Structure formats: structure tokens, C-alpha cells
Amino acid sequence: MVSFQLDDEQRMIRDTVADFAKNELRPAARKCDEEGTIPEELVRKAWDLGLVRNAIPESFGGFGAERSVFQGVLVAEELAWGDLSIALHVMAPALFALPVLEMGTGEQKSEHLPRFCADEFAAATMAVVEPSMSFDPASMTTRADPDGGDYVLNGRKCLVPLGSQAETFLVFAVTARGAGYAGVDGFIVPRKTTGLKKREREKNMGLKALDTIELELKECRVPRNNRLGGDGGCNFLKLMNYSRIALTAAAVGVARAAFEYSRDYAKERVAFGEPIASRQAIAFMLAEMAIEIDAARLLAWEAAWKMDRGEDVSRQAYLAKRYSADMVMKTTDRAVQILGGHGYIREHPVEMWLRNGRGFAAFEGLCMV
């Protein structure tokens, strides 16, 4: 039976991350957006929460807690409520660590997981999205061809979070054409690999503080044992499910931030002798925003709950991701509208949330729980 009541541990985790988002991320968000950088001290504080290390077994230096997608959803929503750019930055190492933890060979786990249990932030990431108008993860064009004891990778990736800093990339490429998700595999590519070229940092409409780049892979050769999961490969669709659930939760966090800010503004802003929140047009808008946010959250919670039970959630994860992408765009746009002219200026954060929220329609593989 599905329960929507958080237990004591889940409530403690949510409240801890919520306090961190409120006291650390939200105050820094505007400056980070304006300057395009995230302070190392802030990243270190987030790393000290142990969000990645928590699920890694003690044998590799982690805390050995049972991995919970549902708890990850709670964390992703609260971090994104604080600021999406910073949230995606501090969660980027999980894009590499969690796939290795779940689907890597014993050798891959022993080699890479201890890095994510050290005191210093481990810069690693995943490369999924390609610079194509019609990009579909199930039919990507980046390919990996076997050649003797190696694989040779050719293609281009974009929207690679933490790309300029990452020491290691988990690059996804087609190994069996025409096989859809089943024909896609992940490859561990160190930053100094010959044929791997990092282009300039992307200039995006939103996520101004997040370092995203485009990668070019040209005759990029990696050993066969760098294939995630070895000869058996990995379950790429399952990894995308993890990511889509995380992105749904992050969209809820951004939308919730915009809703709460515009709601409070509407209660305080007086026009023609009364708060604008008492006007039917504004009140109805706020009500619809609240409904849409709760609906998206429930979709994320259901998918996460089922995934923790070992069920196939491909349909639920996809629908949740699609629904939340529309929801966050609509909600942040209405927040700007409720503030009127004030919503269009940088004195208020709703314009930043609108810019960040707009990207969810194109996001794939930018965070994972």
C-alpha cells in the first residue's frame, strides 16, 4: 500500500536538506546566477552532507546506508527549491557514482567509488544529451565501436554538467544500432583521454551558475573494461528512469519556490485598497499552481516508491518527467505574471526561476537519485 506519510528518518533527511537549502543555497543563488560561478566553500558544505557517500558501501569508504530513490526525491526537491544551478552542481558526482555503484563491475567499483567517499569534492559527471533538435536517448547518434581490446567513441554531447571540472566522464553511446535503449551503453572516459575534446562553456538561458559544456569525441579510444558493467553492459533505460524521477523532483522544487514567493507577494501587495491575492484572477492562478505542484510531486513519489520495490517504472518516470516539465514552466511563468512589472526585474528571483524552469523540457541525465 502506498503511504504518503514520511517516517522519522525521511522527515529528518528532508528537514536537514531543507534547512541547508534555506540557509546556504537560497541566499547565494542570485549572486551565483549573476557571476556564473559557485563558491567552493558552498560546494564543500554541500559535500559534507554526504549525499553521495551515504549510499556507498562501507567497504569502499561510504556510510553503507540502503539506497532509497524515495529519499533521493525528497533531497532533490529541497535542493532545487534552494537553487537549481547549485543543486545540479553538487549532485553531479552522483551521475557517475550511482551508475557505477549499481551496474559497475567489481573492478570498476573498487577503482572509482572510493573517490566519492573522500573529504574533497569529487568532480565527475555523465554525458547523455546531444546537440540535436530531435534528440532522443533511445536513438542517439554517438556510437561506440569495438576495436580489438578497445572501444572507439565518436560523437558529440552537450549540457554536460560540471564538464569543465570533471576528472571522469560517463559517456553514453550506441553499441547496437536499432536496439533502442537496450543498444546504449556507458563508457568511463578520463578527462585526458586522447580524442576527448571539451569545448567552451555553454551560454544558456538559465542555469547561469552551472558549468555545462559540449564534448566532442573523435576516435576516442577506451579499454573494453571501461564499458560500464563490463561485457554484460548496463541497463540504460533504468538509469534514465532514475534521472527522470530526479528531474521531476527538481522541477517540483523550482515550481514550489516560485509559487511560495508569488503567493506571499500577492498577500502583501495592496492595490485599490486590498491585497491582490483577494482578486479572483490571482487567487485562481495560485490555486492552480498549488494543484499542479502537488500532482507532479505525487507522480515523482509514486515512481520512486515503485522503483524502491523493484518494479519497472519506465512509463511512470517518463510521464512524470513530461508532466513536470510543463508544470514548472507554467508555474514559474504565472509567478512572474502575478508580480507584474516586478516579476520582470532581477530584484525578485521569479525571473531566474522562469529561466531555469524553461530548461526541463530539454533536460535528460542532468541529475540522478
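Biologist: Is Leu162 buried or exposed?

Modeller: This is a predicted model, so read every value as computed. Buried means under 20% relative accessible area. Leu162 counts as buried because its relative accessibility is 0%. The residue belongs to the loop between strand 3 and strand 4 (168-174).

Biologist: What is the phi of Leu162?

Modeller: Start with the general idea. Most residues other than glycine have a negative phi. Leu162 has a positive value, near 65 degrees. Leu159 also has a positive phi, near 50 degrees. Leu159 is part of strand 3 (residues 150-161). At 15% relative accessibility, Leu159 counts as buried.

Biologist: Now the core. Which residues touch the most other members of the largest nonpolar core?

Modeller: A nonpolar core joins buried residues through side-chain atoms within 4.5 Å. Here the largest one holds 112 residues. Leu79, Leu84, Phe116, Phe172, Ile245 and Phe360 touch the most other members. Helix 6 (residues 236-268) gives the largest share, 18 residues. Another core lies apart from it, with 17 residues, among them Tyr151, Ala166, Val189 and Leu217.

Biologist: What does Phe116 touch?

Modeller: Set aside residues up to four places away in sequence. Then Phe116 touches Trp47, Val52, Arg53, Ile56, Pro93, Phe96, Ala97, Ala122 and Ala124.

Biologist: Trp47 is on that list. How many aromatic pairs does a search of the whole structure find?

Modeller: Eight. One of them joins Trp47 and Phe121. To read a pair, take the distance between centres, then the angle between planes. Here these are 5.2 Å and 75 degrees. Planes over 60 degrees apart count as edge-to-face, and this pair is edge-to-face.

Biologist: Where in the chain do Trp47 and Phe121 sit?

Modeller: They are 74 residues apart, so the pair links distant parts of the chain. Trp47 is in helix 2 (residues 40-47). Phe121 is in the loop between helix 5 (106-112) and strand 1 (124-127). Trp47 counts as buried, at 11% relative accessibility. Phe121 is partly exposed, at 22%.

Biologist: Which residues do ring pairs link into a cluster?

Modeller: Phe172, Tyr181 and Phe236. Phe172 is also one of the core residues that touch the most other members.

Biologist: Which charged residue lies over the face of Trp81?

Modeller: For this feature, look along the ring normal and check the distance to the ring centre. Arg26 lies over the face of Trp81, 3.8 Å from the ring centre. Arg224 does likewise with Tyr151: its charged end sits over the ring, 5.1 Å from the centre.

Biologist: Last, the pocket. What volume does the largest pocket have, and which residues lie nearest its centre?

Modeller: Read a pocket by its volume and its lining. The volume is about 690 Å³. The lining has 34 residues, and Gly50, Leu51, Val52, Asn54 and Val75 lie nearest the centre. Helix 1 (8-35), helix 2, helix 3 (69-82) and helix 4 (84-103) each supply at least two lining residues. Helix 1 gives the largest share, five residues.

Definitions and conventions
Residues are numbered from 1 along each chain as its sequence is written. This is a predicted model: local features need pLDDT of at least 70, side-chain atom pairs count only at pLDDT 80 or more; totals for chains, interfaces and linings use all residues. Side-chain values use heavy atoms; hydrogens and water are left out. Buried means under 20% relative accessible area, exposed over 50%, partly exposed in between (1.4 Å probe, protein chains only). Helices (H or I, at least four residues) and strands (E, at least two) are DSSP runs, numbered from the N terminus. Contact means heavy atoms within 4.5 Å. Rings of Phe, Tyr and Trp (its six-membered ring) pair if their centres lie within 6.5 Å; planes under 30 degrees apart count as stacked, over 60 as edge-to-face and the rest as tilted. A charge sits over a ring if NZ of Lys or CZ of Arg is within 6 Å of the ring centre and within 35 degrees of the ring normal. On a 1 Å grid over the protein atoms alone, a cavity is a set of points where a 1.4 Å probe fits but cannot get out, and a pocket is an open set with protein on both sides within 12 Å along at least five of seven lines; lining residues have an atom within 4 Å of a point. Grid points are joined across faces, edges and corners, and a volume is the space filled by probe spheres set on the points.
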